[in-house]
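User: I would like to learn how to read the features of a model such as this one, step by step. Could you take me through it carefully?

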Amino acid sequence: MKDKAGPWASVNAAFSSIKLTLFIFFFLALASIIGTLLPQGLALEEMRKHFSPGVFWWIETLSLHDLYHAAWFQFLLLVLALNLVVCSLDRFPRTMKLLSHREEGLSADKLTKFTHHRAYATSLSMEEVVSRLDEFISAQFAKLQPLESPPKFSAIAEKGGWSRLMVYVVHLSVLLILAGALIGSLYGFRGFMQIAEGQASNEVQLAQSRRVLVLPFEVRCDNFEVSFYDTGMPREFRSDLSILKEGLEALRQPVYVNDPLTYEGVTFYQATYGGVLKEIELELTDKESGRIQRITLPFRETSTIPGTEDRIQVVEYQKEFSNFGPAAGIVVLKKGQEPTGSWILIDRPDFHGNRIGGYQVKVLKAESGYYTGLQVKRDPGVWVVYIGFVALLVGIGLCFYTSHRKLWVLAEPDSGGHGETRVIVAGRTSKNGVAFEREFQDLCDRLGGVLIVK
Amino acid sequence: MVNSSILLSITTFAYLVCTVFYLAGAVFRFTPLLSLGTAFALVSLGIQTGGILLRWIESYQMGYGHAPLSNLYESLVFAAWAIMVIYVVLERRIGHKVLGVFPSLFAFLAMAYASFSKGVDSRIQPLLPALKSNWLIAHVVTCFLGYAAFAVSVGISILYLLQRAHKANPHPKGIFALLPNQKELDEFNYQMVLFGFMWLSLGIVTGSVWANSAWGNYWSWDPKETWSLITWLIYAALLHARTIQGWRGKRVAWLSMIGFACVMFTYFGVNFWLSGLHSYAR
């Protein structure tokens with residue numbers, strides 16, 4: 001631990017504590033649980049109906065109806081990021097020091113205190129021992145790096161030192177993912193488009209606000225198709241889209257559920273579909289005069305009823321209107337009067353309620369089609385997130401399954417009289433001690449053969 | 001005529017026999033029974049692998065043509081398979097057959113639930129448009145390898161806690177005499193959590209990339225997504241507590257059990273319970 005005084009040191013200490021990390025992990029988990037138990041994304045007014053005033057007070061105060069976007073939740077993510085940065089900055093210099101550390105003055109006493117160590121006595125001369133040690137360890141483990149030369153020979157060999165850095169790769173990856181998400185929310189947008197077959201639009205209804213965003217190009221839905229399996233389950237949704245740039249067709253491509261279209265950084269995903277009315281043919285009977293008129297109306301275009309000054313428009317269409325089948329919402333405008341409108345049942349032409357103003361309305365023919373619902377988004381941060389994902393996975397894999405393994409070797413003339421030379425090998429690993437134990441024992445057994453130990 | 005449903009029915013029964021052998025071998029301290037358990041585990045795995053592959057082929061014959069990983073039934077079958085594959089490999093590496101009691105029991109329970117519950121439809125069904133993607137296999141396989149490793153780890157945690165509660169007895173009997181010591185159990189538990197955490201991370205990432213390519217959003221705080229993150233956070237806490245704070249044994253075993261409870265909730269709770277909560281406007 002560092003011995004710095006002052007406010008920075010105490011802030012640093014608070015943010016670099018593992019207890020804070022554990023606290024954030026558990027607290028984030030708890031908050032997320034609450035978010036999954038309460039329905040998210042509903043209006044506050046809607047929530048008021050379902051909960052008692054006491055519970056509702058908490059929901060309103062802590063924005064529990066939109067918890068993951070609440071300021072306190074985002075603040076928690078910020079604290080997590082800070083904790084990550086401070087912890088990593090706190091530990092990184094120590095790791096680098098550990099990796100570049102060159103020990104001096106190895107002694108037999110020190111090495112025999114290691115959990116993994118082995119001592120040999122051999123009748124080979126010092127020079128022979130040093131040359132055999134170098135050859136064996138450099139070939140079987142890692143390059144032997146001498147520290148002291150005879151009369152006393154000491155050396156180290158290490159591999160996988162970079163494994164100690166992998167934890168920082170994992171931490172950095174989490175920061176990248178958070179940063180990518182931030183970039184996306186600052187510089188991207190997410191919204192929705194609804195385009196009827198044959199129509200084109202450049203207006204995107206934004207998801208997080210009521211604003212409409214105008215794209216610098218138009219999207220036309222040439223055709224929409226839905227197909228079903230014989231079980232009645234939908235098999236495929238397909239929108240044939242064209243991109244119109246300044247009125248000219250720039251791109252034509254079908255869009256499926258798992259296969260979106262991207263143009264100028266904006267991506268269009270197949271999200272929903274529904275029915276629309278293209279054109280309707282009506283028979284209008286004027287109740288007063290008994291005159292019968294026939295008229296063909298395109299959807300949402302105003303026409304004048306022949307022989308009158310009355311105007312008529314189809315404003316709405318529903319594929320299924322309260323179990324009565326399809327219905328068209330039609331409005332009639334008479335000069336000097338308030339407009340009157342009604343739902344006209346398309347499949348029941350003789351229904352007595354098919355009346356608007358002074359007209360009895362009968363649908364002769366209705367040509368319906370589809371509209372396609374497209375999810376639209378632009379997210380310049382997604383590549384940062386993806387780089388974070390790759391770093392996270394690579395980092396976790398290498399962090400768990402590689403280790404920094406180090407050997408210390410000492411050779412000196414034997415004073416105890418068992419032989420010519422005494423050799424001690426000790427080893428240590430940063431993790432996965434069980435596997436290293438096996439590797440170390442195997443290496444020492446073979447080294448015994450090389451050193452011709454009796 | 002051999003078909004996948006016959007093979008998978010046999011598998012269910014075979015895992016029951018396997019569990020009985022492991023349990024009897026452990027309780028009566030009779031190692032040949034444990035070896036029989038292992039043999040049965042391998043045979044069951046073989047039959048199950050055949051069943052899964054056959055189901056894959058049958059789906060092509062029906063004209064649907066998709067990997068058998070598309071609904072609850074198929075995921076339960078794959079979960080049982082993954083638990084046993086991971087356990088058998090672990091057993092080979094560490095040589096303690098007595099640990100097979102819980103994995104074989106979990107595999108049997110998953111298969112039994114898949115086969116006998118009325119709520120689980122075992123028919124081969126066509127694929128919804130949303131699932132028609134190569135990401136399906138990558139996402140389901142990675143997630144379930146993670147879940148399976150956590151299942152094996154929770155079995156070890158339970159054995160650890162039993163062993164610990166029993167340590168006062170100087171002459172252990174039955175299962176406790178055969179169990180590895182506490183330090184070993186703690187280490188095996190940790191290894192399984194590491195393995196599971198790696199696969200869970202891969203599972204979340206593949207799911208996220210898939211969601212982005214299908215719906216244009218790599219994270220939308222949907223309950224299933226959120227619960228997988230909760231699970232990830234719990235195991236991340238376990239790893240940090242063990243590595244940095246030096247937690248061992250009891251606390252790690254309990255955290256691993258809490259983590260597995262989150263896995264179970266992500267898998268079943270979100271499907272059956274949260275959807276219910278969200279459709280409260282009946």
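User: How many residues of domain 1 of chain B are in contact with residues of domain 2 of chain B?

Analyst: Contact means heavy atoms within 4.5 Å, and domain bounds come from an automatic or database domain assignment. In this structure, 27 residues of domain 1 of chain B are in contact with 31 residues of domain 2 of chain B. The bounds are 1–123 for domain 1 and 133–282 for domain 2 of chain B, and the centres of these two domains, taken over C-alpha atoms, are separated by 20 Å.
This is a predicted model, in which local features need pLDDT of at least 70, side-chain atom pairs count only at pLDDT 80 or more, and totals for chains, interfaces and linings use all residues. Residues are numbered from 1 along each chain as its sequence is written, chains are lettered from A and ligands numbered from 1 in the order in which they are written, and side-chain values use heavy atoms, with hydrogens and water left out.

User: Into which domains is chain A divided?

Analyst: Chain A is divided into domain 1 (2–98), domain 2 (102–160 + 403–451), domain 3 (186–275 + 373–391) and domain 4 (276–368). Between the C-alpha centres of domain 1 and domain 3 of chain A there are 34 Å.

User: What is the mean pLDDT of chain B, and where does pLDDT stay under 50?

Analyst: pLDDT is the predictor's confidence in each residue, from 0 to 100. Chain B has a mean pLDDT of 89, with 94% of its residues at 70 or more, whereas over residues 276–282 of chain B the value stays under 50, and the model has 10 contacts beyond four places in sequence for that stretch. For the complex, the predictor gives an ipTM of 0.91 and a pTM of 0.87.

User: How many cavities of 30 Å³ or more are there, and which residues line the largest cavity?

Analyst: On a 1 Å grid over the protein atoms alone, a cavity is a set of points where a 1.4 Å probe fits but cannot get out, while a pocket is an open set with protein on both sides within 12 Å along at least five of seven lines; lining residues have an atom within 4 Å of a point. Grid points are joined across faces, edges and corners, and a volume is the space filled by probe spheres set on the points.
The count here is one cavity of 30 Å³ or more, and the largest cavity has a volume of about 50 Å³. Its lining consists of B:Ile52, B:Arg55, B:Pro68, B:Leu69, B:Tyr73, B:Glu74, B:Val77 and B:Phe78. Helix H2 (31–61) and H3 of chain B are the elements that give two or more residues to this lining, and H3(B) gives the most, with four residues. Helices (H or I, at least four residues) and strands (E, at least two) are DSSP runs, numbered from the N terminus.

User: What lines the second largest pocket, and which helix supplies the largest share of its lining?

Analyst: The second largest pocket holds about 960 Å³ of space and is lined by 29 residues, with B:Leu131, B:His139, B:Val140, B:Trp210 and B:Lys224 nearest its centre. H7(B) supplies the largest share of the lining, seven residues, and domain 1 and domain 2 of chain B each contribute at least three residues.

User: Is B:Thr226 buried or exposed, and which residues does B:Thr226 touch?

Analyst: Buried means under 20% relative accessible area, exposed over 50%, and partly exposed in between (1.4 Å probe, protein chains only). B:Thr226, in helix H8 of chain B, counts as buried because its relative accessibility is 0%. Not counting residues up to four places away in sequence, B:Thr226 touches residues of both chains, namely A:Ser32, A:Thr36, A:Tyr68, B:Trp219 and B:Trp221.
B:Leu161, which lies in helix H5 (residues 135–165) of chain B, is likewise buried, at 17% relative accessibility.

User: Where does A:Arg300 lie, and what is its phi?

Analyst: A:Arg300 lies in the loop between strand E11 (292–298) and strand E12 (303–304) of chain A, and has a positive phi of about 60 degrees although it is not a glycine. At 47% relative accessibility, A:Arg300 counts as partly exposed.
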